[in-house]
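Here's a quick briefing to read with the model open on your screen.

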Amino acid sequence: MRILAIRGADLASLAGEFAVELDQGALASSGLFAIVGPTGAGKSTLLDALCAALYNKTPRLDGRSSVKIGRVDEPEELHLSPFDVRALVRRDAVTAWCEVDFEGRDGRRWRARWQTRRARGRVTGRLQEVEQSLVCLDNGERRGGTRGETLAAIEDAVGLSFDQFRRSALLAQGDFAAFLRADVGQRAELLERMTGTAIYGALSIAAHRKAGEVAVELDTLRAALARIAVLDDDARAAHVAAAARAAEAATAARDEVAALEAAVAWHREDE
């Protein structure tokens, strides 16, 4: 998954429309760059826009609360939870939106869009429910229907859940230690998704399964081998001696048969 562009309008510190095209100009050829600026310049808002467009969540607004906040001079119905992503909308804005262009795990280019508006197109109107969409930029295909279906389609296209995304592509301050403390299975799953090496996990599972099958077959052969009686030296010597005596008896019997056959032939000739 690779981010190609982040765009939006009237979110938190960023008034009006803004756009950061990561696949154009100097940024397209930069292996590393920094987002810098004074407090309130909108650095975190860019990352909020990125997460809101993809997951309708942001790391700094990730939580639950029954408390509503808002201005004293506005109706209580306009107050929002401190963790509501719509709290990113600027106070003087009627509409707000953000969108992210990205290259999905299927190699295609997608555009995820998040937007909300105030009722009746007024600054004092109540914020409406969030609308989200996902469109393939290569062929115009639309994914998802309801917001839940769209979020599921975006997660599938990105290849990372919100929790995995915030632990890897967007590692907030203080969260790196949490990543290191995660158990081996969680880290392995996350790194496989990030690096596209899930195939090696599948190969490991297949190899483990094959090893189990071979182990069962080996146990069967060992059990069959154990049922074969093995003679000790004395018993083997006795059998060898018996075989020698039987061979001598067989030789003597063959000589006797030859003598008898000669006698029979003589009598026939005599008759």
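Asp10 sits in strand S1, and its phi is positive, at about 55°, even though it isn't a glycine. Helices (H or I, at least four residues) and strands (E, at least two) are DSSP runs, numbered from the N terminus. Keep in mind that this is a predicted model, where local features need pLDDT of at least 70, side-chain atom pairs count only at pLDDT 80 or more, and totals for chains, interfaces and linings use all residues. Residues are numbered from 1 along each chain as its sequence is written, and side-chain values use heavy atoms, with hydrogens and water left out.

**Overall layout**

- The protein chain has 8 helices and 6 strands, and from the N terminus they run β-β-α-α-β-β-β-β-α-α-α-α-α-α.
- Of the 271 residues in the protein chain, 28% are buried; buried means under 20% relative accessible area, exposed over 50%, and partly exposed in between (1.4 Å probe, protein chains only).
- Take the contacts (heavy atoms within 4.5 Å) between residues at least 6 apart in sequence: 53% of them join residues at least 24 apart.

**Loops**

- Arg120 also has a positive phi, of about 60°, without being a glycine; look for Arg120 in the loop between S4 and S5.
- Arg120 has a relative accessible area of 63%, so it counts as exposed.
- Asp92 is in the loop between H2 and S3 and is exposed because its relative accessibility is 52%.
- Thr58 is in the loop between H2 and S3, but its relative accessibility is 0%, so Thr58 is buried.
- Leaving out neighbours within four places in sequence, Thr58 contacts Asp48, Cys51, Ala52, Leu88 and Phe162.

**Nonpolar core**

- A nonpolar core here is a set of buried Ala, Val, Leu, Ile, Met, Phe, Trp, Tyr and Cys residues joined through side-chain atoms within 4.5 Å.
- The largest one has 39 residues, and those touching the most other members are Leu11, Leu54, Phe102, Trp114 and Phe165.
- Elements that give two or more residues to this core include strand S1 (2-11), strand S3 (95-103) and helix H4 (162-167), while H2 gives the most, with 8 residues.
- Not counting residues up to four places away in sequence, Phe165 touches Met1, Leu50, Cys51, Leu54, Tyr55, Leu160 and Leu170.

**H2 against H3**

- Helix H2 (residues 43-55) packs on helix H3 (residues 147-158) at an angle of about 115°, with the axes 8 Å apart.
- H2 and H3 are therefore roughly perpendicular; angles of 65 to 115 degrees get that label, under 35 is roughly parallel, over 145 roughly antiparallel and the rest oblique.
- Axes are lines fitted to C-alpha atoms, for helices over the stretch in contact, and angles run from 0 to 180 degrees between N-to-C directions.
- On the H2 side, Ala53, Leu54 and Tyr55 meet Leu151, Ile154 and Val158 of H3.

- For Cys51, which is in no disulfide, the nearest cysteine sulfur is that of Cys98, 9.6 Å away.
- Cys51 counts as buried because its relative accessibility is 0%, and Cys136 is buried too, with a relative accessible area of 1%.

Notes: A disulfide is a pair of cysteine sulfur atoms within 2.5 Å.
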